[in-house]
Amino acid sequence: MHRTLMTLSWFACAGLGSIPAAHSAPPPATDAATTTQLPRTVRPVHYDVRIVPDATAMKFNGRVGIAIDVLQPTTSITLNAVDLSFSRVILTKVSNAARYPAPSVQINPDEQSASFTFDRIVPRGRYHLALDYSGKIGTQAVGLFAIDYVSATGPKRALYTQFENSDARRVIPSWDEPAFRTTFALEAIVPSGEMAVSNMPIARQSNLGDGLTRVRFAQSPKMSTYLLFFGLGDFDRATLKVDGTELGVITQKGATAQAAFVLESSGSILREFNDYFGVGYPLPKLDNIAAPGSSQFFGAMENWGAIFTFEHAILLDPSISTQSDKQRAFQIAAHEMAHQWFGNLVTMRWWDDIWLNEGFASWMEARTTRRLHPEWNTALAAVRKREEAMDLDGFGTTHPVVQHVETVEQASQAFDAITYSKGEAVIGMLEGYVGAAAWRNGVRRYIQAHAYGNTESDDLWREIEKASGQPITAIAHEFTLQPGIPLIRADAACDAGHTALQLTQAEFSKDQPDKKPLAWRVPVIVQAIGAAAPVRELVTGGRAIVSVPGCAPVVVNAGQSGYYRTLYAPAHFQAIAGNFGALAAIDQLGLLSDSWALGLAGLQPVSDFLDLAVATSVDADPQIWGKIAAVFENIDEYYRGDEARRSAFRKFAMARLNPVFARVGWSARPEELDTVAILRNELIGILSALGDTAVIDEARRRHATQATDPTAVPAAQRKAILGVVARHADPSTWEQLHAAARAEKTAMVKDQLYSLLASTQDESLARRALDLALTPEPGETNSAEMVSRAAALHPDLAFDFGIVNIAVVNQKVDASSRSRYFPRLASRSADPAMIIKLKKYAAEHLAVGSRRDADTAVASIAYRLKVRQERLPVIDRWLAGVKG
Ligand SMILES: [Zn+2]
């Protein structure tokens with residue numbers, strides 16, 4: 001799954017149904033080593049499923065025949081089911097076709113299960129369980145859901161499914177846990193003329209008359225329930241044959257050309273992965289299905305053979321898509337395709353190890369992008385992703401990469417930056433430690449040994465150790481079983497032409513400065529500036545002294561593959577900063593990132609970052625300027641509400657960024673780097689946020705003249721220009737954008753225009769956007785996004801609005817993200833009162849075991865208050881010095 005970015009936190013509503021062990025007796029588990037909610041007395045072997053959707057009535061009928069093995073004599077069979085009504089339950093013994101009298105049916109909403117209790121013992125053996133039932137089609141991306149959208153030929157409705165992590169049970173009564181791998185044969189009765197798609201190709205179809213067609217898909221391999229997929233609509237499909245696999249993209253009618261880049265990219269990615277994993281892609285076809293709309297939880301899902309991707313993450317619309325959209329579409333496709341092996345062919349046993357799926361797919365996505373698109377220079381992106389993880393991992397509310405999961409909510413909450421980005425960073429560090437070839441051989445052994453099976457993290461470490469001959473399990477455990485970020489303190493002394501580099505391991509914490517540090521074995525790579533080769537050391541037992549030839553300043557974490565922060569002694573830092581321009585771009589980015597985070601935490605002067613920003617050359621790597629601009633925007637946010645001090649900072653920030661923007665310009669130049677195209681849009685957005693009137697006026701001018709001047713708003717800048725216009729809109733401009741949103745006939749563009757309406761700086765317009773969000777006008781999946789957008793500039797307003805309308809808002813958020821949605825709205829607040837409001841909210845609406853996101857949002861607000869109080873005065877003094 002590709003999670004929606006900017007995710008920070010969570011909550012759980014009473015209607016969601018899953019309750020942690022603290023509230024209800026833990027479910028009986030015959031295998032004590034496995035966390036589960038279903039008894040292990042029965043095991044499914046195969047499902048024959050028939051779905052008859054009624055898209056108009058928003059409901060469906062289902063019939064499932066499940067081959068099951070009863071492993072221990074029982075009178076009761078329990079499986080997962082949510083919001084399903086059973087009309088017929090028949091149990092038949094396979095060996096003699098003996099049918100059991102109809103059982104009593106108990107629905108257990110809290111446990112998301114249904115139990116069938118028989119009046120006599122069901123002995124061990126193979127049975128057939130036949131169920132007739134009905135269920136609901138939803139409006140958010142959970143279970144079987146409908147997306148309504150505008151199209152050139154009028155309004156349309158399409159159906160899709162989303163089952164990860166635990167929502168197959170909303171469509172098929174099933175043993176809905178990843179360890180229950182079975183085969184599936186799916187059949188659907190659908191309107192003739194619509195396209196039906198699932199994991200496997202269509203095996204046969206027959207016209208039933210009355211405008212209906214029966215579609216039967218080929219039987220799937222043994223797989224987990226969360227990977228099933230069904231889609232139905234007025235679609236087009238384009239295909240490409242690569243290495244014997246039929247690759248396809250499926251879009252709304254007439255849009256396959258916009259998926260051509262992803263289709264073509266999927267071909268090169270498939271070849272790359274067939275080689276890397278050493279096992280060919282095992283299914284006959286692999287589709288990627290584009291759907292209008294959005295989710296607050298995810299952007300794409302790796303259903304085996306039938307990847308689902310929201311249009312905004314796969315289609316490139318020539319009227320609005322940007323270079324970053326293109327790169328993101330490639331990366332998301334690579335991520336979901338990596339899951340076809342890592343996740344689908346080999347699946348984690350339980351959600352405790354979801355990082356194995358997501359960390360690995362994230363790492364593979366980054367690796368593949370670097371290899372197939374070196375011109376994008378995405379190596380530096382790894383540092384940004386690492387920062388995203390460290391942002392969470394520095395709070396006391398963090399969790400280990402491998403974490404114990406009990407409930408459905410906890411499983412949903414596990415899809416966070418620790419799982420994805422820390423997972424990715426730790427894999428990158430370990431690959432660097434054992435070497436790329438040994439790592440790949442270990443991955444191949446792991447895939448071969450566990451194909452069509454379920455695993456835990458140690459199964460991977462075992463194969464990497466065998467392939468590399470290096471004991472990495474201890475290092476891997478320290479980085480995945482304990483939370484937090486190692487801090488490496490570095491000091492250097494030069495004597496007789498050799499530098500003695502002293503490294504001491506501590507722990508970086510944002511809110512627990514006096515915490516006793518955890519211990520890690522840290523693989524460290526250091527390199528003297530100008531040296532040809534790095535020096536490697538495993539910092540063990542808390543310290544190491546590394547001898548480095550020469551007296552040049554030594555950079556720690558050279559190449560930035562390590563998951564730790566580096567705190568240099570002041571003189572050592574000054575020596576490196578004095579040679580900032582001589583560092584590799586990735587180490588410049590690492591130094592900027594560490595000095596900013598350590599500065600905020602009070603571990604080094606926060607002005608060190610500003611000194612580096614001043615020392616950065618105007619022609620530095622565009623991604624370096626992207627980082628500096630993003631921190632400037634961040635500092636500007638810290639000053640919110642204190643306009644006099646803020647304007648002094650803004651003056652400095654604009655003075656630094658304007659010469660860079662002058663080089664980049666408003667329009668693309670022939671032969672420019674792709675990274676420049678991305679920086680252009682970033683600078684337009686951030687300079688406008690800083691109140692740069694020249695940028696704001698020019699964006700407005702271009703927007704106003706676009707009807708008469710076709711060059712005024714190039715497609716690649718359209719989003720950035722619209723973003724500026726919307727942010728600084730007055731009431732009449734806002735109405736103009738509103739009219740454009742209403743009139744728009746392209747679903748993806750329409751979605752974006754509605755979210756722009758909520759991006760306004762003006763509070764009264766933000767209120768209008770919030771009111772508009774809850775009307776039917778923007779479309780079912782745009783409402784939650786509009787409220788989230790408003791929260792970026794008006795967190796307190798958006799949170800309060802959400803609470804007042806909590807019942808309606810919850811209906812507009814997919815169930816998987818409800819437990820994190822409100823904390824996310826609040827997390828950018830700088831009002832101490834919000835801490836109290838959030839705690840109250842958590843106490844009233846969140847199960848005790850599902851409050852981590854709320855706790856993290858509280859911690860980040862408290863941290864923001866501390867930064868405002870303790871660090872901004874330092875920045876004020878530094879700015880006064882710069883001016884003087
Ligand atoms: Zn994923």
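A salt bridge is taken here as a side-chain nitrogen of Lys or Arg within 4 Å of a carboxyl oxygen of Asp or Glu. In this predicted model, local features need pLDDT of at least 70 and side-chain atom pairs count only at pLDDT 80 or more, whereas totals for chains, interfaces and linings use all residues. Residues are numbered from 1 along each chain as its sequence is written, and side-chain values use heavy atoms, with hydrogens and water left out.

## Salt bridges

The structure contains 52 salt bridges. One of them joins the side chains of Arg50 and Glu187, at 3.0 Å from N to O. This pair connects distant parts of the chain, 137 residues apart: Arg50 belongs to strand 2 (residues 42–54) and Glu187 to strand 11 (residues 183–191). Helices (H or I, at least four residues) and strands (E, at least two) are DSSP runs, numbered from the N terminus. Burial is expressed as relative accessible area, with buried under 20%, exposed over 50% and partly exposed in between (1.4 Å probe, protein chains only). Arg50 is partly exposed at 27%, while Glu187 is buried at 9%.

A further bridge links Arg444 and Asp275 at 3.7 Å, N to O. Arg444 is in helix 7 (residues 436–450) and Asp275 in helix 1, so the pair ties together parts that are 169 residues apart in sequence. Arg444 is partly exposed, with 21% relative accessibility. Elsewhere, salt bridges with shared partners unite Asp48, Arg50, Glu187, Arg214 and Arg216 in one network.

## Zinc site

Donors are defined as N, O and S atoms within 2.8 Å of the metal (3.2 Å for Na, K and Ca); water is not among the atoms, so sites may look incomplete. The zinc ion has as protein donors Met1 (N), Met1 (O), His335 (NE2), His339 (NE2) and Glu358 (OE), at 1.9 to 2.4 Å. Their spacing in sequence is M-x333-H-x3-H-x18-E.

His335 and His339 both lie in helix 2 (residues 323–339); because they are 4 residues apart, about one helical turn separates them. Both histidines, His335 and His339, are buried.

An open sheet of 6 strands has the order 1-19-20-18-17-16, with mixed pairing. Its edge strands, strand 1 (2–3) and strand 16, each pair on one side only. Two strands count as paired if DSSP finds at least two bridges between them. Strand 17 and strand 18 (residues 285–291) run in the parallel sense over 5 bridges, and Glu246 has Lys285 in strand 18 as its bridge partner.

## Nonpolar core

A nonpolar core is a set of buried Ala, Val, Leu, Ile, Met, Phe, Trp, Tyr and Cys residues joined through side-chain atoms within 4.5 Å. The largest such core has 280 residues, of which Leu129, Trp175, Trp439 and Phe632 touch the most other members. The greatest contribution to this core, 9 residues, comes from helix 6 (residues 417–434).

Contact means heavy atoms within 4.5 Å. Beyond its neighbours within four places in sequence, Phe632 contacts several residues, including Phe609, Leu610, Phe649, Phe652 and Leu690.

## Model confidence

The predictor's confidence in each residue, pLDDT, runs from 0 to 100. The chain average is 94, and 96% of the residues score at least 70. Residues 6–35 remain under 50, although the model has 89 contacts for them beyond four places in sequence. Where pLDDT is low, the predicted coordinates should not be read in detail.
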